[in-house]
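The exercises below are to be worked through with the sequence and the three-dimensional structure at hand. Each task is followed by a solution in steps.

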Amino acid sequence: MRTLIIGDIHGCFRELSDLIEKFGPTDNDQIYSVGDVINRGPESINCIKLLKELNAKVVMGNHEHWYLRSFPFKEKTQQNKIFKSLELEDHLRWIYDLPYYIETPKFIIVHAGFDPRRPIEKNDKDVLVSIRMLEDIDKPWFEEYEGKKHVYFGHWGKLGLYYGKNVTGLDTGCVYGKQLSGIVVEENKLLQIKAKKVYCTIS
Ligand SMILES: [Mn+2]
């Protein structure tokens with residue numbers, strides 16, 4: 001059995017398909033995603049459909065979290081307009097049921113990270129999908145992490161591919177024209193697909 005953990009996808013379906021093909025999953029393999037499957041890029045719905053077909057395990061990203069917070073789009077804010085255009089209502093239950101982190105005997109998958117000075121289950125959902133820095137000590141959250149389980153996370157596109165002490169950052173900014181990354185855990189092997197184009201400029 002092999003395990004593939006995929007970084008932030010953001011609707012980049014062609015790159016996701018290529019990455020899956022490169023991995024070549026069998027029925028014994030398990031695919032995970034660090035979340036932010038949707039939004040910003042061109043084909044959010046197709047990304048969800050493919051991950052469902054593959055029985056991938058996906059954690060909640062800030063974009064899925066915000067989508068749920070915005071639904072049913074009553075307020076006319078800019079964010080709601082963007083999400084409305086995604087037309088993801090058929091997949092609402094799937095998004096709603098996404099866990100905020102996944103912990104296995106070997107590793108933890110979380111979208112952004114957590115404050116490691118307290119147990120992950122004691123971190124707020126908003127923290128799990130959005131943390132980068134521990135503001136009070138002005139350090140990235142993972143610099144304080146001393147747990148034994150390896151943590152795989154995304155969310156930090158500017159950080160890019162990051163190998164730290166028992167942590168791996170996998171958001172390599174595909175939607176910004178960089179790469180879609182995945183890591184094969186058992187082989188510690190990195191798979192990358194170059195973005196077909198710049199879908200979105202960094203805001
Ligand atoms: Mn994110």
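**Exercise 1.** Is Arg-117 buried, partly exposed or exposed?

*Solution.* The model is a predicted one, in which local features need pLDDT of at least 70 and side-chain atom pairs count only at pLDDT 80 or more, while totals for chains, interfaces and linings use all residues. Residues are numbered from 1 along each chain as its sequence is written, and side-chain values use heavy atoms, with hydrogens and water left out.

Step 1. Apply the classes: buried means under 20% relative accessible area, exposed over 50%, and partly exposed in between (1.4 Å probe, protein chains only).

Step 2. The relative accessibility of Arg-117 is 42%, so this residue is partly exposed.

**Exercise 2.** Identify the salt-bridge partner of Arg-117 and locate both residues in the fold.

*Solution.* Step 1. A salt bridge requires a side-chain nitrogen of Lys or Arg within 4 Å of a carboxyl oxygen of Asp or Glu. Arg-117 meets this condition with Asp-136, with 3.0 Å between the closest N and O atoms.

Step 1. Arg-117 is placed in the loop between strand S5 (107-110) and helix H6 (125-130), and Asp-136 in the loop between strand S6 (133-134) and S7; the pair therefore ties together parts that are 19 residues apart in sequence. Helices (H or I, at least four residues) and strands (E, at least two) are DSSP runs, numbered from the N terminus.

Step 2. Asp-136 is exposed, at 58% relative accessibility.

**Exercise 3.** How many salt bridges are counted, and which residue forms one with Glu-103?

*Solution.* Step 1. The count is eight salt bridges.

Step 1. Glu-103 is bridged to Lys-149, the closest N and O atoms lying 3.0 Å apart. Glu-103 belongs to strand S4 (residues 101-103), whereas Lys-149 sits in the loop between strand S7 (139-140) and strand S8 (150-153), so parts 46 residues apart in sequence are tied together by the pair.

Step 2. Both residues are classed by accessibility: Glu-103 is partly exposed at 41%, and Lys-149 is partly exposed at 25%.

Step 3. A further salt bridge joins the side chains of Glu-144 and Lys-139 (2.9 Å, N to O).

**Exercise 4.** Describe the strand pairing around S5 and the directions of its side chains.

*Solution.* Step 1. Strands pair if DSSP finds at least two bridges between them. S5 pairs with S4 in the antiparallel sense over three bridges and with S8 in the parallel sense over three bridges.

Step 1. Assign partners: Ile-102 has Ile-109 of S5 as its bridge partner, and Ile-108 has Val-151 of S8. A hairpin through three residues joins S4 to S5.

Step 2. In a regular strand, side chains alternate between the two faces of the sheet. From S5, Phe-107 and Ile-109 point one way, Ile-108 and Val-110 point the other way, and all are buried.

**Exercise 5.** Which residues coordinate the manganese ion?

*Solution.* Step 1. Donors are N, O and S atoms within 2.8 Å of the metal (3.2 Å for Na, K and Ca); water is not among the atoms, so sites may look incomplete.

Step 1. The manganese ion is coordinated at 2.1 to 2.3 Å by Asp-36 (OD), Asn-62 (OD1), His-111 (NE2) and His-155 (ND1). The spacing of these donor residues in sequence is D-x25-N-x48-H-x43-H.

Step 2. Asp-36, in the loop between strand S2 (30-33) and helix H2 (44-53), and Asn-62, in helix H3 (residues 62-70), are 26 residues apart and link distant parts of the chain. Asp-36 and Asn-62 are buried.

**Exercise 6.** Locate the cis peptide bond and two residues with positive phi.

*Solution.* Step 1. Most residues other than glycine have a negative phi, and most peptide bonds are trans.

Step 1. Phe-71 and Pro-72 are joined by a cis peptide bond with omega of about 5 degrees. Pro-72 lies in the loop between H3 and helix H4 (78-84).

Step 2. Asn-39 has a positive phi, near 75 degrees, and lies in the loop between S2 and H2. Asn-55 also has a positive phi, near 55 degrees, and lies in the loop between H2 and strand S3 (57-58).
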